[in-house]
Amino acid sequence: MRIDIISIFPEYFTPLEVSLVGKARERGILDIRLHQLRDWTHDVHKTVDDTPYGGGPGMVMKPEVWGEAIDAVIAQGGPEGAGLPRMIVPTPSGRPFTQRVALEYAREPWLLFTPARYEGIDARVVDEYRSRLRVDEVSIGDYVLAGGEAAVLVIVETVARLLPGVIGNAQSVADDSFAPGPMENLLEGPVYTKPPVWRGHPVPEILLSGHHARIARWRRDQALRRTFEMRPDLIARLDPESLDERDREVLAECRERHEAAAFRAGPQSMAD
Ligand code: ADE
């Protein structure tokens with residue numbers, strides 16, 4: 001996969017030289033190219049922003065410089081047969097970036113990221129490229145970063161580990177929370193390694209039993225309980241068809257315990 005990133009802070013992306021992504025690059029699975037947006041300015045100050053039309057706080061990134069930069073990067077051409085890149089614009093006002101979206105991106109041969117600083121990029125840039133490329137405005141969460149660079153790091157790392165050959169054990173990708181399949185909408189439960197007892201805390205006995213089917217069932221129980229506690233919104237999205245009898249039993253126990261705790265806490269908390 002080829003990834004181009006245009007930013008006023010290309011040095012922000014040094015984390016992509018280490019660990020999993022760094023190794024994927026060394027092995028030729030991932031070709032990441034960084035570009036300094038200011039290289040496409042024409043004034044001595046290398047200006048990339050200006051005041052917003054209509055007033056308001058902050059500055060807006062100028063369309064001309066982004067247009068020249070994106071055109072130049074596209075003109076360099078991507079991997080053979082790739083056609084044009086899919087353009088990804090990180091913004092808090094975008095569509096949520098999820099594991100499903102990451103799986104979609106992992107199938108693309110060429111991604112182009114355009115992270116913005118300040119109040120964002122003049123909206124005509126997205127309008128212009130929508131007519132030529134597939135353009136996605138995506139948000140990594142309901143909070144506002146100082147710029148899109150950190151969002152690009154998040155997206156690239158999430159996508160990179162899905163590429164064939166990047167993670168040794170393909171099963172670990174399949175078992176991920178949020179991955180389509182049996183674990184979809186479930187958080188993974190706790191994990192343990194040696195020693196069997198640490199500071200008086202034993203590893204749950206079942207994990208030492210060697211009984212694979214019972215261990216798998218125990219892990220699913222833990223996943224259901226953890227999701228109920230941490231992400232009730234995900235429990236509400238579970239497909240009833242995907243739940244077996246034991247799943248329903250575990251969830252019923254969770255609900256009973258939750259209701260009993262709410263009752264003890266008093267009528268005020270019964271509302272939620
Ligand atoms: N830029 C600023 N905040 C962001 C967010 N939450 N997601 C993606 N890009 C952003």
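Predicted model: local features only at pLDDT ≥ 70, side-chain atom pairs only at ≥ 80, totals over all residues.
A word on the ground rules. Local features need pLDDT of at least 70 and side-chain atom pairs count only at pLDDT 80 or more, while totals for chains, interfaces and linings use all residues. Residues are numbered from 1 along each chain as its sequence is written, and side-chain values use heavy atoms, with hydrogens and water left out.

Let's start inside. The largest nonpolar core has 29 residues, and Ile3, Leu30, Tyr105 and Phe113 touch the most other members. By nonpolar core I mean buried Ala, Val, Leu, Ile, Met, Phe, Trp, Tyr and Cys residues joined through side-chain atoms within 4.5 Å. Buried is under 20% relative accessible area, exposed is over 50%, and partly exposed is in between, with a 1.4 Å probe and protein chains only. Two or more residues each come from strand 1 (2-7), helix 1 (19-26), helix 3 (99-106), strand 6 (110-113) and helix 5 (149-160). Helices (H or I, at least four residues) and strands (E, at least two) are DSSP runs, numbered from the N terminus. Helix 5 gives the largest share, 6 residues. Another core, of 22 residues, lies apart from this one and includes Trp40 and Ile70.

Now to helix 1. Which of its residues are buried? They are Val21, Gly22 and Ala24. Down the axis of helix 1, the buried residues fall within an arc of 160° (taken from the directions from the helix axis to the C-beta atoms), so they line one face. The face turned away carries Ser19, Lys23 and Glu26, which are exposed.

Finally, charges. There are 22 salt bridges, each a side-chain nitrogen of Lys or Arg within 4 Å of a carboxyl oxygen of Asp or Glu. In one of them, Asp221 meets Arg246 at 2.7 Å, N to O. That pair links helix 7 (residues 212-230) to helix 9 (residues 245-265), 25 residues apart. Asp221 is buried at 6% relative accessible area, whereas Arg246 is partly exposed at 27%.
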